[in-house]
Amino acid sequence: MITTDVLAPVVATVREIQQETQDTFTLTLETPEPFNFKPGQFNMLYIPGAGEAAVSISGDVTQPHELIHTIREVGNVTRGLVALKPGDQLGVRGPFGRPWPMDVVDGRDVLVIAGGIGLAPLRPAVLALSAKRAEIGRLTVIYGARSPEDMLYAREFLGWKDAFVARATVDTASPSWRGNMGVVTKLISPVDFDPTRVIAMICGPEIMMRFAIRSLSALGVEDDRIFLSMERNMKCAAGICGHCQYGNYFVCKDGPVFDYDQVRKLFGVKEV
Amino acid sequence: MMKHELHEILRQHDFFKDLPEDDLLVISGCAKMVMIKAGEVLAREGSDANNFYVVRMGKLRIEQQAPAMKPQPIQTIGCGDVAGWSWLFPPYRWSFDVIALEDSRLICLDGACLRGKCENNHSLGYRVVKKFADVLRQRLHAASLQAMDVYAPRED
């Protein structure tokens, strides 16, 4: 962590902005000091006059000199973030939250299931898992996107296909698309992993995660080996304000990564 | 291909593998192996649905045609999947187009042959219809999720 005060941002400088899709950008920032984080954690990005937004860290944990966030333009703050130019400055608080369970993957198959922008918080985990292939079992990455044009990290994903099992599918496409089309759960195959030992990491819209969990449970994957990254309206990121309350939890402090065993009773409840 | 070889292939295929041996023997009497090249059309909407296909290898795409529009891809299917349920329901006409995206190896099942066997043996018929009901359930579920556009941006 680069600051001892969780409420005080440090100033970061935009080094690069790369357009991923029509509405999604990857922002590379430089911070005054190396920015250490764990896969699955998030930062609060602050634009004076616009406000703060919680954004997952999408970079490589071994590259603490570049802080990477992939951001979809959906509101005032994110619109402000994507309007930044190289050399502009912004405030960063973080890193916050419970990370992906990288400490329990050794010797196990790992299945990563991402939907839409949900690949962004999983990218650091995929990079870290890819780097420790010798220590884990089979690595499989499954990704569902809205359309071929909405796929994040498209070029990098091709490289993943060469290194481990990586499959993608889209909900809609033109007739020229030769890839898979259909729901992401269709790509879950027990051929890729041992259901009795696999660690599953899932991030995407809750309805997608719900059906992914259902598919995994049907294959015999136990709830405490299924990990989810939850998204709620995070404001303080320190478990103080209560905006991100999720049952007994604050997503900013107790999450965003939960094991399914923790949140099973809350999952899919409309009012939570 | 000999009938016992077809029987063995059916037994190992995801779609058939939990059926009783007697059923597999009967079904294999209506089956033959086919290969289709990438780009070939397996079925056209409205044409006679005399067969259905289970995929052993390759990839097929189910498409919907609409006047003055490009064909609308709906779903791709691959190894372990089945293409075609219209052989079960009068007037036995395909509901969608089916195109091969890759060179594919399929098992072609004669729908009229299997319908006749199901009529004569309702236990077999029940198990076959249950199989297809599950395919329909999964396709309906997938189509509804796709229609929900779950990956669309949500205002923060």
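How many residues of domain 1 of chain A are in contact with how many residues of domain 2 of chain A? The first legend answers this; the model shown in every view is a predicted one.

**View 1. The two domains of chain A.** Chain A is divided into domain 1, residues 10-95, and domain 2, residues 102-229. Their C-alpha centres lie 24 Å apart. Where the domains touch, 14 residues of domain 1 of chain A are in contact with 14 residues of domain 2 of chain A. On the domain 1 side, strand E1 (10-21) and strand E5 (67-72) of chain A are the elements that give two or more residues. That side of domain 1 of chain A divides into 3 nonpolar, 8 polar and 3 charged residues.

View 2. Strand E3 (residues 42-47) of chain A has 6 of its 6 residues buried, so the strand is largely enclosed by the rest of the structure. In a regular strand the side chains alternate between the two faces of the sheet. Here Phe42(A), Met44(A) and Tyr46(A) point one way from E3(A), while Asn43(A), Leu45(A) and Ile47(A) point the other way, and all are buried. E3(A) runs antiparallel to strand E4 (residues 51-56) of chain A, joined by 6 bridges. Within this pair, Met44(A) stands opposite Ala54(A). The two strands form a hairpin with 3 residues between them, and Gly49(A) in the turn has a positive phi of about 90°. E3(A) also pairs with strand E6 (residues 89-96) of chain A, in the antiparallel sense over 4 bridges. There the bridge partner of Phe42(A) is Phe96(A).

**View 3. Helix H4 of chain A.** Helix H4 (residues 206-219) of chain A has 14 residues, which at 1.5 Å a residue should span 20 Å; the end C-alpha atoms are 20 Å apart, so the two values agree. Which residues of H4(A) are buried? They are Met208(A), Met209(A), Phe211(A), Ala212(A), Ile213(A) and Leu216(A). These buried residues pack against several elements of chain A, including strand E7 (110-115), strand E8 (139-145) and helix H6 (260-263). After the helix comes Gly220(A), with a positive phi near 100°.

**View 4. An open sheet in chain B.** In chain B, 4 strands form an open antiparallel sheet in the order E1-E8-E3-E6. Strand E1 (31-36) and strand E6 (82-83) of chain B stand at the edges with a single partner strand each, so one side of each has no neighbour in the sheet. Strand E3 (residues 51-57) of chain B pairs with E6(B) in the antiparallel sense over 2 bridges. In this pairing Tyr53(B) stands opposite Ala83(B). Helix H3 (residues 111-120) of chain B lies across E3 and strand E8 (104-110) of chain B, running at about 45° to E8(B).

**View 5. Asp22 of chain B.** Asp22(B) lies in helix H2 (residues 21-28) of chain B. Is Asp22(B) buried or exposed? Asp22(B) has 11 C-beta neighbours inside 10 Å and therefore counts as exposed. Asp22(B) and Leu124(B) are 102 residues apart in sequence, yet their C-alpha atoms are 8.9 Å apart in space.

**View 6. Where chain B touches chain A.** Here 18 residues of chain B are in contact with 25 residues of chain A. On the chain B side, strand E5 (72-77) and helix H4 (122-148) of chain B each supply at least two residues. That side of chain B has 9 nonpolar, 3 polar and 6 charged residues.

Technical notes. Residues numbered from 1 in each chain as written. Chains lettered and ligands numbered in written order. Predicted model: local features only at pLDDT ≥ 70, side-chain atom pairs only at ≥ 80, totals over all residues. Domains from an automatic or database assignment. Contact = placed C-beta atoms within 7 Å. Nonpolar A, V, L, I, M, F, W, Y, C, P; charged D, E, K, R; others polar. Pairing = 2+ DSSP bridges. Axes fitted to C-alpha atoms, helices over the stretch in contact; angles between N-to-C directions. Expected span 1.5 Å × (residues − 1). Buried ≥ 20, exposed ≤ 12 C-beta atoms within 10 Å, placed from the backbone.
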